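I open this notebook to record what I looked up in the structure shown below. The entries follow the order in which I consulted it.

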Amino acid sequence: MLLLDILGFTAGFFSMIIFVPQVYKTWKNKSAKDVSIQTFIICTISNILWVIYGIFLKEPAIYVTNIVMCSLALTQISLKIKYDFKK
């Protein structure tokens, strides 16, 4: 089971870091004009569902990584609203 846990957390890690460059670039440039808010809203809903699923299965590799991904997606949504919709 340990090997499967390592595999799950490794896959989750790579899934988590998908949004890091986009969030960083948006924060650094103070602009999210080319970012699709719909994509991040759908991703947030998906992550919430994965968190619930992972909790019911008692699989930390699923729910921990999706909590982080959800946090990054919500951060991107917040930055989009802050930088683009206030103008």
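Predicted model: local features only at pLDDT ≥ 70, side-chain atom pairs only at ≥ 80, totals over all residues.

**Entry 1**

Residues are numbered from 1 along each chain as its sequence is written, and side-chain values use heavy atoms, with hydrogens and water left out.

I then checked the exposure of Trp27, and found it partly exposed, with a relative accessible area of 47%. Here buried means under 20% relative accessible area, exposed over 50%, and partly exposed in between (1.4 Å probe, protein chains only).

**Entry 2: Aromatic pairs**

I searched the whole structure and found four aromatic pairs. Rings of Phe, Tyr and Trp (its six-membered ring) pair if their centres lie within 6.5 Å; planes under 30 degrees apart count as stacked, over 60 as edge-to-face and the rest as tilted.

One of them joins Phe19 and Phe40 in a tilted arrangement, 5.0 Å centre to centre with 50 degrees between the planes. Phe19 lies in the loop between α1 (2–16) and α2 (20–29) and Phe40 in helix α3, so this pair ties together parts that are 21 residues apart in sequence. Helices (H or I, at least four residues) are DSSP runs, numbered from the N terminus. I found both Phe19 and Phe40 buried.

Tyr24 and Trp27 form another tilted pair, at 6.0 Å centre to centre and 45 degrees between the planes. These two are three residues apart in helix α2, and so about one helical turn separates them.

**Entry 3: The core**

Which residues have the most contacts inside the largest nonpolar core? I recorded Phe19, Val23, Phe40 and Ala73, in a core of 14 residues. Such a core is a set of buried Ala, Val, Leu, Ile, Met, Phe, Trp, Tyr and Cys residues joined through side-chain atoms within 4.5 Å. The largest share, six residues, comes from α4.

Not counting residues up to four places away in sequence, Ala73 touches Phe19, Phe40, Cys43 and Thr44; contact means heavy atoms within 4.5 Å.

**Entry 4: Asn66**

Lastly I located Asn66 in helix α4 (residues 60–84). Asn66 is buried, with a relative accessible area of 9%.
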